[in-house]
Amino acid sequence: QVQLVESGGGLVQPGGSLRLSCAASGSILGIYYMGWYRQGPGKQRELVASITGDDSTNYADSVKGRFTISRDNAKNTLYLRMNSLKPEDTAVYYCNVRSLLQYWGRGTQVTVSS
């Protein structure tokens, strides 16, 4: 069973940066969608950014211009570069991969606070 493991979260001051990684424990064939989602305190899980098989990207309006999604197929790893972080970005961040099956990671906490 393939597992997704997120890393790179932590505590950062407003205006700071983090890079999240999501590594798959094995190869996943036929991936057509990869995405980062987040769930803040008392909020529903929401899409942050996604990338499709043809490298088309999509971002939530709240993160456009600040976050960048990318992937390294050779390393089976998905990334999310987050710049100019704001307190409202505080959330647990999850990666999601879709092929014939759908996979979710367990999440990594990002806290933006001074």
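Which residue forms a salt bridge with Arg71? It's Asp55, and the closest N and O atoms of the two sit 2.9 Å apart. A salt bridge here means a side-chain nitrogen of Lys or Arg within 4 Å of a carboxyl oxygen of Asp or Glu. This is a predicted model, so local features need pLDDT of at least 70, side-chain atom pairs count only at pLDDT 80 or more, and totals for chains, interfaces and linings use all residues. Residues are numbered from 1 along each chain as its sequence is written, and side-chain values use heavy atoms, leaving out hydrogens and water.

Back to that pair: Arg71 belongs to strand β7 (residues 67-72), while Asp55 is in the loop between β5 (46-52) and β6 (57-59), so they link distant parts of the chain, 16 residues apart. Strands (E, at least two residues) and helices (H or I, at least four) are DSSP runs, numbered from the N terminus. Asp55 is partly exposed, at 47% relative accessible area; buried means under 20%, exposed over 50%, and partly exposed in between, using a 1.4 Å probe and protein chains only.

Now take Asp89 and Arg66, whose side chains meet in a salt bridge at 2.8 Å, N to O. Asp89 lies in the loop between β8 (77-82) and β9 (91-98) and Arg66 in the loop between β6 and β7, so the pair ties together parts 23 residues apart in sequence. Asp89 is buried at 1% relative accessibility, and Arg66 is buried too, at 10%. Salt bridges that share partners join Arg66 and Asp89 with Arg38 and Glu46 in one network.

Within that group, Arg38 forms a salt bridge with Glu46, the closest N and O atoms being 2.7 Å apart. Arg38 is buried, at 6%, whereas Glu46 is partly exposed, at 36%.
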